[in-house]
Amino acid sequence: MKNIILFADPGIDDSIAIIYALLNPSINVLAIVSSYGNVTKEQATDNIAYLLKLAGRPDIPIIGGANSPSSGEIPRFYPEIHGKEGLGPIRPPEDAKGELTNFSELYNIIRKNQDVTIVDVGRNTSLAALFILGENISDDIKDFYIMGGAFLVPGNVTPSAEANFYGDPVASQVVVTNMDNIYIIPLNVTNRAIVTMEHINIIQEMTDNPLIQIMDEVMEYYIEAYKKLIPGINGAPLHDVVTLFLMANPEMGRSIRRDVKILTADDGRGTSIADFRVSSKPSEKNKNIFLDFNYQGFIEDFIKVMSS
């Protein structure tokens with residue numbers, strides 16, 4: 001079983017990733033860090049609290065992360081994709097208000113548990129703060145799995161930039177420069193992790209878990225949003241779920257070891273760069289970029305975990 005701290009900004013795909021992590025018998029969620037991103041930090045916190053309530057897991061602390069990027073600029077949210085409150089048409093009930101634990105508690109959680117993996121599926125502001133505020137903290141983490149970037153493929157916010165790295169490129173550069181044992185799952189992989197309503201219907205027929213019973217409404221909203229972006233698509237990519245899938249099943253993907261740089265300004269903002277030339281050398285640190293994965297294995301695992 002892998003002990004993880006999950007950084008998230010739910011958001012539909014983040015929410016489904018949280019559900020996947022809570023239901024996966026090979027994952028032990030130690031804490032969830034709530035930050036701005038797809039929605040405000042306040043809304044993200046309520047969404048996490050709602051999911052933990054449905055799961056019967058009030059024991060998992062919600063850690064208060066960042067309110068805005070390190071630049072101090074006002075963050076851009078994405079209601080056209082995730083809905084006004086981040087769960088498509090669903091509004092968390094009033095009694096699902098989340099209570100935040102102080103950010104410093106993360107250091108205690110990391111010290112008390114062995115072999116902690118950090119998974120960040122949102123903007124990297126809070127993760128960069130964890131490094132900046134904690135001396136040699138990366139030495140206490142087993143590995144880092146980061147959803148972000150686009151390498152030699154189009155971005156989803158600009159022609160070259162993916163949303164998480166674009167949202168706070170300075171923080172992302174801090175993370176990819178200073179962390180060791182880091183695994184980046186970019187759009188190269190996540191854009192192909194498409195889940196359809198047929199998959200959701202199969203899962204819902206197999207379980208009456210309250211977490212799963214909200215998924216049809218949430219995914220219908222998400223898929224319709226993607227159909228406007230990509231005409232003809234028959235589902236929606238679950239960027240954050242496939243990140244957790246590869247964390248739990250690294251043998252199901254193919255990665256390459258390379259240094260990564262994030263551009264931080266002007267038209268290149270958020271663009272992720274690595275040297276893929278035949279003559280290029282692997283990173284001196286253990287920095288890896290996933291470029292392919294087993295889609296059928298992902299779908300089978302997703303259905304198995306979510307219907308368990």
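This is a predicted model: local features need pLDDT of at least 70, side-chain atom pairs count only at pLDDT 80 or more; totals for chains, interfaces and linings use all residues.
Colleague: In which order do the nine strands of the open sheet lie, and what is the pairing?

Modeller: Strands of a sheet pair through backbone hydrogen bonds, and they do so either parallel or antiparallel. In this model the open sheet of nine strands has the order β4-β3-β2-β1-β5-β6-β7-β13-β10, and its pairing is mixed. The edges are taken by β4 (100–101) and β10 (253–257), each of which has a single partner strand, so one side of each is left without a neighbour in the sheet.

Colleague: Which helix packs on the sheet by touching β1 and β2, and what angle does its direction make with that of β2?

Modeller: That is helix α1 (residues 12–23), which touches β1 (2–8) and β2 (27–34), and the direction of α1 makes about 150 degrees with that of β2. The two strands run parallel and are joined by seven bridges, with lysine 2 standing opposite isoleucine 27 in β2. Taken together, β1, α1 and β2 make a right-handed β-α-β unit.

Colleague: What do β2, helix α2 and β3 make?

Modeller: With helix α2 (residues 41–55), the strands β2 and β3 make a right-handed β-α-β unit. Strands β2 and β3 pair in the parallel sense over three bridges, and serine 34 has glycine 64 in β3 as its bridge partner.

Colleague: How many of the eight residues of β2 are buried?

Modeller: In a regular strand the side chains alternate between the two faces of the sheet. As for β2, seven of its eight residues are buried, and the strand is thus mostly covered.

Colleague: Which residues of helix α4 are buried, and where do they fall when seen down its axis?

Modeller: An α-helix has 3.6 residues a turn, so residues three or four places apart point the same way. In α4 (residues 105–112) the buried residues are Leu106, Tyr107, Ile109 and Ile110. Seen down the axis of α4, these buried residues fall within an arc of 160 degrees, so they line one face of the helix. Arg111 and Lys112, on the other side of α4, are exposed.

Colleague: What covers the buried residues of α4?

Modeller: The cover includes the strands β1, β2, β3 (62–64) and β5, together with helix α5 (125–133). One of these strands, β5 (residues 116–120), runs parallel to β6 (residues 143–147), to which four bridges join it, and valine 119 stands opposite tyrosine 145 in β6.

Methods:
Residues are numbered from 1 along each chain as its sequence is written. Side-chain values use heavy atoms; hydrogens and water are left out. Two strands pair if DSSP finds at least two bridges between them. Contact means heavy atoms within 4.5 Å. Axes are lines fitted to C-alpha atoms, for helices over the stretch in contact, and angles run from 0 to 180 degrees between N-to-C directions. Buried means under 20% relative accessible area, exposed over 50%, partly exposed in between (1.4 Å probe, protein chains only). The arc is that of the directions from the helix axis to the C-beta atoms. A crossover is right-handed if, with the strands pointing away from the viewer, the path from the first strand over the helix to the second runs clockwise.
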